[in-house]
Amino acid sequence: MKLEIKRLVRDYGTKRVLDLEEVTIEKGTRTAIIGPNGAGKSTLLNIVSRIDSATEGEVHYESEDPRLVTQVFQQPYMLRTSVERNIQYPLRLRNWPEDRMKKRSDELMEELGLLDLRNQKAWKLSGGETQKVALARALSFQPSLLLLDEPTANIDPATTAEIEEMLLKINQEEGTTILFVTHNLAQARRVCNRLLFLDKGKLVESGDCQSILQNPAEVKTRRFIAGELLI
Amino acid sequence: MDVISAGIAQAFRLILSGDPEIYGIIGLSLFVSFSSVLISTCLGMPAGILLGTHSFRGKGVLLRIIYTFMSLPPVIAGLTVFLILMRRGPLGHLQLNYTPTAMIIAQICLVTPIIIGLTYNLVREKAPVVNRLGITLGAGRLEIMALMIREMRIGLTAAVVSGFGRAISEVGAVMIVGGNIKGKTRVMTTYITELKSMGDYSRAIAIGIVLLIIAFAINAILYNFQEREGK
């Protein structure tokens, strides 16, 4: 299921925050979206996940089923219920039978080391635990396109590693397409095989992740990577 | 001081004696207040949610009017309802003045803006994140609305209790439209006013104590609910 973006524009008042000519995300790829603040990275994800709408242009996703697209945010909202019920919420929406739902949530909790937190109040968890629950919740219904908006910002390295491992696993085993906004270039290198570099709402460069990070073709990309690596 | 202590002692005797007149008055007070709060909740909560989740022309003016009506003096609400319902008024043919129905209408005018205003503030703060989560997990419009109500249940309960507090304690509106008619429209607050003017302090104190007990009970229920849900 391919994601195609054509002449996508998003204006906030008089300010144009996104202006993309054409972008194609192939099925099963892991694409990092990098760029400075205000580049339009989050706006792009929000339009793809339909929590925002484009001023002009279109996003075409082959499945045409918006319920197969999901997004994990930097600061996820936890429902005021247990960890287990948070993970099961999307499955309840889809009327999964109780036993199947429990099996799926158990699987995810085990993979992400959340079994001991099953009955904990989700809104009382630490940042890392919250992010793992948000990821398990997003993966529960086996989405075909997973959007992540800086999911590991402000999270400890061990939890970050667990999340990255999970992302690689579901990509390999379930063929989930991943679009990943990150400021961490080392993380982009570890997780992704494709890369989009955005600046001021425009696509500057796209292609193989390793190649661009090692040898960017565009001056803007090179400057950004150099600056980021200095930090 | 003797008058007060004797009044309190007599008040408890009166409450325990099962005086039918007093219990009739308490019953009518609760009926009028619960009815008005129920109707105000049905009107005010969806209105508050819609206001909090939609933008439209004139919203600012509408909100200012609602905030003004949140502190509407009960005598003005009572007078307005009385003028509308009086024989020569636009709804005079309904002959509702000096009935519990008129008292309920007057209290609806007082309580609905409170519930709208408090719901609006709650929704404005929380709706964007809940809405965003609902969309990305595949919830439809109705499912998102249900999710919002569930997630904001503590705040919404507090809004309803605030409305009830306003209804059960006000005297001006029910006095004007109800007329404090014995056995027909006499409620606790209007009765206290009359007893005070007659110098029957023990009965006035008895009714006052009942009012306080009701207020305490309602707030205790809310407190327990908040404690249970919030911990």
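Modeller: Let's start with burial: a residue is buried if 20 or more other C-beta atoms lie within 10 Å of its own, exposed if 12 or fewer, and partly exposed in between, with C-beta atoms placed from the backbone. By that count, 38% of the 231 residues of chain B are buried.

Biologist: Thanks! And what share of the residues in chain A is buried?

Modeller: In chain A, buried residues make up 43% of the 231 residues. One caution before we go on: this is a predicted model, in which local features need pLDDT of at least 70 and side-chain atom pairs count only at pLDDT 80 or more, while totals for chains, interfaces and linings use all residues. Residues are numbered from 1 along each chain as its sequence is written, and chains are lettered from A and ligands numbered from 1 in the order in which they are written.

Biologist: Now the two chains together. How many residues of chain B are in contact with chain A, and which helix gives the most?

Modeller: On the chain B side there are 12 residues, in contact with 15 residues of chain A. At least two residues each come from α5 (100-137) and α6 (141-151) of chain B. The helix that gives the most is α5(B), with 7 residues.

Biologist: Sheets next, please. In what order do the strands of the open sheet of 6 strands in chain A lie?

Modeller: Two strands pair if DSSP finds at least two bridges between them. Here the order is β5-β6-β7-β3-β8-β9 in chain A, and the pairing is mixed. At the edges stand β5 (69-72) and β9 (202-208) of chain A, each pairing on one side only. Strand β6 (residues 145-149) of chain A runs parallel to β7(A), joined by 5 bridges; L147(A) has L179(A) of β7(A) as its bridge partner.

Biologist: And β3(A): buried or exposed?

Modeller: In a regular strand the side chains alternate between the two faces of the sheet. Strand β3 (residues 30-34) of chain A is largely enclosed by the rest of the structure, because 5 of its 5 residues are buried. R30(A), A32(A) and I34(A) are buried on one side, and T31(A) and I33(A) on the other, leaving both faces covered. β3(A) runs parallel to strand β7 (residues 177-181) of chain A, with 4 bridges between them. With strand β8 (residues 194-199) of chain A, β3(A) again pairs in the parallel sense, over 4 bridges. A32(A) has F180(A) as its bridge partner in β7(A) and stands opposite L195(A) in β8(A).

Biologist: What is the strand order in the open sheet of 3 strands?

Modeller: That one reads β2-β1-β4 in chain A, with antiparallel pairing. β2 (15-25) and β4 (56-61) of chain A each have a single partner strand, so one side of each is left without a neighbour in the sheet. Strand β1 (residues 3-12) of chain A pairs with β4(A) over 5 bridges, in the antiparallel sense. Look for L3(A), opposite Y61(A) of β4(A).

Biologist: Finally, a single residue. Where is V133(A) placed, and which residues does V133(A) touch?

Modeller: V133(A) sits in helix α4 (residues 127-139) of chain A. With 26 other C-beta atoms within 10 Å, V133(A) is buried. Leaving out residues up to four places away in sequence, V133(A) touches M78(A), V83(A), N86(A), I87(A), L114(A), A122(A) and L125(A). L112(A) is 21 residues away along the chain, and its C-alpha atom is separated from that of V133(A) by 8.2 Å.

Conventions. Contact = placed C-beta atoms within 7 Å.
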